[in-house]
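Me: I am new to this structure. Please show me how to read its features, step by step.

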Amino acid sequence: MPTLIVDGKEISVQPGATIMDAARLLGIYIPHFCYHPQLSLAGNCRMCLVEVEKMPKPVISCAMPVSEGMVVKTDSAMVRQSRKAVMEFLLINHPLDCPVCDQGGECTLQDLAMKYGPDRARYHEFKRHAQDFDLGPLVETEMQRCIHCTRCIRFSDEITGMEEMGAVFRGDHMQVGPYIAKPLLSELSGNLPEVCPVGALNNKPFHFQARGWELKKSEAICAHCGVGCHLRIDHLDGQIRRVQARSCGAINQVWLCDKGRFAYDGLHRERLEHPMVRSEESHSLQEATWAAALDRTAELLKKFKPEEVAGLASEENQGAEELFAFQDFMRRVVGTPHLDHRLRQRDFSGDEQPLTRADLLMNTPLEAMPQADLILLIGADPRFEAPLLNLRLRQATQAGARAFAIHPRLLNANLLNLTQSVVGPGDEVAWLEALLREVTTPGGGESPQRELAAAWRQAKRPLLLLGEYAVNHPQAESIRRLAVALLESVGAIGASWNGFNRLVSRGSAAAAQDMGVVPHRGPGYQRLEQRGRHAQHILQGAAKGEIRVLFLLGCDPGLQGVDTLLGRTALSKAYVIYLGSHQTPAAEGADVVLPGLAMAERQATLTNVEGRAQRSDLAVMGPLQAKEDWRVLRALSDRFSQPLPYNSREALRAAMAKADHRYGLDELEAGELTVACDHSPVTVGLPVAGQGGGASGGEGLRLVLESPFYQDDAVSRRSTILGQLTQGRSVGLGVLRLNPQDAAQYKIQAGQKVRLLRDARSVECRVALDGNVPRGVLLGDAGYAPALMQDLCDWDGGFPQVSLVGL
Amino acid sequence: MTKIVFKNIHRENSHTLAVYRANGGYQTLEKALSMPGDDIIDEVKRSGIRGRGGAGFPAGLKWSFIPKDDRAKYLVCNADEGEPGTCKDRDIIRYDPHLLIEGMIIAGHAVKAERGYIYIRGEFVREAEVLQAAVEEAYAAGLLGGSVMGRGVRFDLAVHRGAGAYVCGEETGLLESLEGKKGQPRLKPPFPANIGLYGGPTVVNNVETLASVPDIIANGGAWYAKLGVEKSSGTKLFSVSGHVNKPGNFEVELGIPLKVLLEEYAGGVRGGWERLKGVIPGGSSSPILPKAVCDTVTMDYDAIGRAGSMLGSGAVIVIDQSVCIVRAIARLSRFYRHESCGQCSPCREGTGWLSQMMTRMEQGKGVPGDIELLQSVADNIQGKTICALGDAAALPVVGAIRAFREEFEYHITHGRCMVA
């Protein structure tokens, strides 16, 4: 380890470290603009020049590797003069518009100009003019302020892989901008304003909204997908103005995806503001007091036998507190075993197995993912299910890992070295069985699996990811077992490396598993003697009149889930109690509506895809009458013989910790993840015997549904910022994607309205052509009204064959 | 006088392989191929030849920096002769391309590079054609390719044309451009000798340097070291331009008095030596030398350095009394503003600032304090940039103010040139 002296202080650093690194360790700040710890070195701003003894010229500390015996001065006359010079150069063409600049108050250039800049201008020549660009709804440009540090260019090349930013022309005509003036398409483009050290790239929705120093700042965890990114909510006057990334090396590094950053403006829209009770006379929902609403709720719940009551919880927008209290309330207070959160899941045969947490969540820590040497995506599109996870996978491929993907369509991925196999919907199990055979007993000849199998056998640290499509597949359990078997065949499930990763991409899904919001397990993965109905059977029971009361925690089975037609039938037959934050048809048709809070309005524990429980703080207030959901349940339980035993959040959290030690304060603060390897045995039949999945074949078009990334939960769906983002792209609500050749065959044009028919069910939607979709497959958004394509599906029908009629 | 790089250029069809071979061409290569690479490097070190591109770095030392590992190594010839005033490499390529090719094969053998590139300036259209034809001739004759002269040594050579950017004559800017990227110099360290073209160890040499190699190997380093003067051995091409009666490229031994070069070789200063105002001795980046210095200075690296300038690429630009120095420097500053790659702050912003001030002054709009400001801006650029272009833009301004301050002052006070 080389030892050097910086400003008279001696320090030993790792070989290859730079002077900047050494100074950092000593707590010495060296001013800089172009240096960014997550990006490659550019060394172009020249602000970090320092003096090194025996070197004739000042050197840039960000790029100069240390050597033994180096003597560095960061505050000598030469250094001060250099900084002054560089500062002046950066300022001569920079406008003095700090008072109207969004970056004002939190600008590196402004801060360093105060310290090193001249107090008057010596430059009296012409200022150059820079061109602005329309980069879409997220990023506003003011390129006159650009100091050409190229951070945005390096970000877009290295992090997003989209190469959307560049610099054209030379010298002082150099112009940073998009190569071709078009909106940014990256799912990470909201990071550009944060990467920019000046006010050249601005957060467009925040443009002119507030000054940085007026904002109150709350530290929260993102709930819009399962990654659990650390973010900071900047708010003013009870309104969220902006969301910024907080750095967290273990999870999001310093980035956020656009959904997490810009969904916030949906928070205040269409809220449930008062408790409401359906009037017996007018049959309409009337505002009520909390006491009346709770009385009516208790009355409904007591009116029927406990087993005629069922609870369904949302897998998004819920803290572990709510989920724990909900299952506690349903099981202990009401006394019903019917409880689930898995409205999107088709295959419940895993419930028969003693599945462990390692079977249900991810086992490779995000931080360790870049070490993977082979990546296999099965039914996963991580870029649009968990963008910050995808970034880790991309880092692995940048380091040389190969990637393979098995999916019913081609992925629009930014992984390097990616080989994609399009496997028809329903053919996955057979494909994976063939792969497993090829891995264990390599056969001769050409098979589609051969290349992957050869790479798989050689992999030291393979990483397998089951994505949303695989998790919600009709044969999900078979796929899971094959995945585990594949990993075990190369010894990749062990104490030092576990490559099995099941991505539960919804923000609260991991917590719902941990807290036992499932019919067969209690909190902390304890097996239950009495197993209740799962989501499918709850809805089917309600439709048949066996379930009389549905208690919904923030979810709407008429909008979400495998079969929304069944969901709506169930809602119309049963009494419905709706506890949640946002308006939804289920709430409109409910018998009692209890207004709850949303994320960012409550202190909550969120569990991410790795199983890391994290505390999120509140930022803003919800509607005046709305209450924290668990407090509603607690108050409601007073009307029963056995009320919930916790009166404070601390007591609730203590109960959670008792049920699952991972939620104890010590565990939360340690924040360390251990590699899990306690998988349940998978020798019990590969695949699940007799599991029908509706394999492909036959004529006609098969419907596959995906979640629309930017609009897939209650808050993001209401965000106008994200709404603008999906305009003009072939994603978004109610869009059906179709192979251009199929479209030609059915004489359908892009943008045309079509009707999808299956038996008596039909849905109208609009068509976008997409060459990534194979022939014979219709790719729909599992979105929301008006085109609810889940109406065409049912739990046992696999991927339905539909017919297509142009309108 | 001894001729090395210009020994063949007077011959009819000197650019052809037949003529080159008829005059002893490629005989040195045969000798070199039987020598171990390190012996060749030692011989070049012994010769004391310094890089002829401008920086004057000892070539043998540069070669010896190439690590002895098993990575693929590259030899790149810098034929992007862009320094204003310089046109020497063009003549070598035009009249004796095989001398360069022979030198490159020897150099490639010395540093174990199996692949060479000649990065030739985009404007050199005819020269690129001549060079390409010569490379093809050499391939056909078995002098290039999988087994050079049947001796089992591989050396492939490709000619790559640049697109005209001055900064691509900077070795790392050249490598970027050669790799197909925007021509912007790289951060150093790492130096090309360790991480250069496509990440491999790379030697980048000027055309004239490489063209001198065959004679050094043929006659020995000691022979070469005897030419010229101490620390500036060998012969050097000078491109004499400007106000002389017979401008042209001249190969002379280093250490020749500037006055002799101009009076005896270049036909004398227009209107007589007394009409001389100053000389830019090493291309546009080097500070101008006033006549008093020119009277006595000798043309070698150290003497020119002591006189406050640089030998650079050997482009001698002669300026007589008819020239307004302010106008000349304003033109130069415009060149550097235009050619700055725009990557690093001091050069991007500073060259524009300098140029605008010089233009303003030239137009008679200078104000008191401008000279000091010019000097201060030039100081602020110098030594703070990624590559030497910043220094190259600053030095002529500083040098001109030092030598001809009264002309600048006259421009500010009178609003017009001091010369009629």
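Reply: Start with axes: these are lines fitted to C-alpha atoms, for helices over the stretch in contact, and angles run from 0 to 180 degrees between N-to-C directions. Helices (H or I, at least four residues) are DSSP runs, numbered from the N terminus. This is a predicted model: local features need pLDDT of at least 70, side-chain atom pairs count only at pLDDT 80 or more, and totals for chains, interfaces and linings use all residues. Residues are numbered from 1 along each chain as its sequence is written, and chains are lettered from A and ligands numbered from 1 in the order in which they are written.

Me: At what angle do H15(B) and H16(B) pack?

Reply: Two packed helices are described by the angle between their axes and the distance between the axes. Helix H15 (residues 345-362) and helix H16 (residues 370-381) of chain B pack at about 160°, with axes 10 Å apart. H15(B) is therefore roughly antiparallel to H16(B) (angles over 145 degrees count as such).

Me: Which residues make the contact of H15(B) with H16(B)?

Reply: Contact means C-beta atoms, placed from the backbone, within 7 Å. Among them are Trp353(B) and Met357(B) of H15(B), and Leu373(B) and Val377(B) of H16(B).

Me: How many residues of chain A are in contact with chain B?

Reply: 27 residues of chain A are in contact with 24 residues of chain B. Helix H2 (residues 77-92) of chain A gives the largest share of chain A's side, seven residues.

Me: What does Val76(B) touch?

Reply: Its contacts include Tyr117(B), Leu174(B) and Val204(B), not counting residues up to four places away in sequence.

Notes
Contact = placed C-beta atoms within 7 Å. Helix = DSSP H or I, 4+ residues; strand = E, 2+ residues; numbered from the N terminus. Parallel < 35°, antiparallel > 145°, perpendicular 65-115°, else oblique.
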